[in-house]
Amino acid sequence: MNHWSKITKINDDANYNGALAVTAPDQVLFRHTQGIADYATGMPFTFSTTSGIGSVTKQFLATVVLMLAEEGKVTLSDKLSQYLPEYRFADQITLRQLLNMAAGVPDYVDAVVKQTLAGRVLSTDPDDDPQINRAVGENISLVHALALINPLPLTYTPGTKSQYSNSNYLLLGTVVERVTGQGLAQIFQQRIFSVLGMTRTKLGTQFAQADSYLKIDDRLVTLGRGHHIAGDGGLVTTITDLTRWAQAVLQQRFLQPTTWQAAMTLYKDFYGFAWLKKGSWYWHGGRVLGYQADIYVSPERGLATTWLYNVTPVNDARLAAWYQQRDAWHEQL
């Protein structure tokens with residue numbers, strides 16, 4: 001069995017619903033789609049179906065921040081207070097710490113979850129609750145996010161840890177907008193999407209063609225498209241466009257080689273500038289509503305893989321097995 005047949009079988013066994021591609025720097029080697037993008041209409045999931053990518057959005061935002069740094073418009077050692085004094089701990093935090101998830105800023109998503117629960121006791125993981133997923137998938141403005149996190153203390157002294165918090169990149173999005181005088185959607189379009197020919201990629205989950213779903217006990221629960229437009233997780237794209245981004249990473253476009261090296265250097269062995277690691281691969285995943293996405297990059301192999309899916313199984317043992325099998329498959333490439 002070749003590599004492509006093997007991953008197709010792994011996906012079939014897990015009822016994968018979406019699209020994937022494997023690419024070299026200048027050539028797509030394999031791509032595949034299966035399943036449904038919108039069950040209400042029966043629309044299939046295709047190579048041109050737009051779907052949410054959640055936190056994979058952070059890679060695009062980090063790249064813009066690093067472009068601005070190379071242009072001398074920001075310095076990574078700058079204090080956040082220089083750009084966003086409204087956050088009460090901004091004078092203790094640098095842009096680099098935000099990029100590295102090392103700022104100690106509480107995760108506004110956790111605060112949204114607590115607010116949504118309002119004392120309700122969950123019998124499942126919050127990630128599996130439809131009401132919570134819909135709340136997190138709505139527009140979380142800067143004013144709203146600050147109202148949630150400003151009353152909270154830092155979770156640790158900045159620079160002493162690297163711990164995931166979506167707030168870091170929501171705040172960075174505002175920094176970029178204030179430095180450039182443009183909205184994030186325009187910034188992404190001008191600096192990245194138009195350059196790479198990512199013609200179907202937009203900021204705002206409401207623009208997705210695919211609907212999003214939780215699969216609970218073989219029953220699909222529609223979560224909708226939401227309205228998430230923040231820089232921590234608001235992009236929608238196609239597998240074709242996302243693969244163009246993966247090729248750009250392999251080609252080290254937009255940034256100097258030393259900057260790419262810094263981006264993929266994990267702080268405290270956890271987080272680079274929007275990069276983590278799985279085995280020998282650099283990786284980032286994302287989830288918003290029922291949408292999920294992944295990007296794996298191996299500069300040593302000269303390969304990258306991209307994944308989009310819009311059905312998230314709940315309490316399904318096959319999902320954990322699929323993650324493990326998929327990671328093992330990458331190591332064999």
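I will start with the aromatic rings: ring pairs join Trp4, Tyr16, Phe30, Trp307, Tyr309, Trp322, Tyr323 and Trp329 into a cluster. Rings of Phe, Tyr and Trp, the last by its six-membered ring, pair if their centres lie within 6.5 Å; planes under 30 degrees apart count as stacked, over 60 as edge-to-face and the rest as tilted.

Before going on, the basis. This is a predicted model, in which local features need pLDDT of at least 70 and side-chain atom pairs count only at pLDDT 80 or more, while totals for chains, interfaces and linings use all residues. Residues are numbered from 1 along each chain as its sequence is written, and side-chain values use heavy atoms, with hydrogens and water left out.

Over the whole structure, the search gives 19 aromatic pairs. One of them is Trp307 with Trp322, edge-to-face, at 6.0 Å centre to centre and 80 degrees between the planes. This pair links distant parts of the chain, 15 residues apart: Trp307 sits in strand β13 (residues 303-309) and Trp322 in helix α11 (residues 317-332). Helices (H or I, at least four residues) and strands (E, at least two) are DSSP runs, numbered from the N terminus.

Are these two residues buried or exposed? Trp307 has 0% relative accessibility and counts as buried; Trp322, at 2%, is buried as well. Buried means under 20% relative accessible area, exposed over 50%, and partly exposed in between, with a 1.4 Å probe and protein chains only.

Trp322 also pairs with Tyr323: the ring centres are 5.3 Å apart and the planes are at 45 degrees, so this pair is tilted. Tyr323 itself is partly exposed, at 24% relative accessibility.

Now the chain as a whole. It holds 11 helices and 14 strands. Its radius of gyration is 19 Å, close to the 20 Å that the globule rule gives for 333 residues, so the chain is as compact as a globular protein of that length. That radius is taken over C-alpha atoms, and the rule is 2.2 Å times the number of residues to the power 0.38. Along the principal axes, the C-alpha atoms fill a box of roughly 55 × 50 × 35 Å. Of the 333 residues, 57% count as buried.

That is what I have; comments are welcome.
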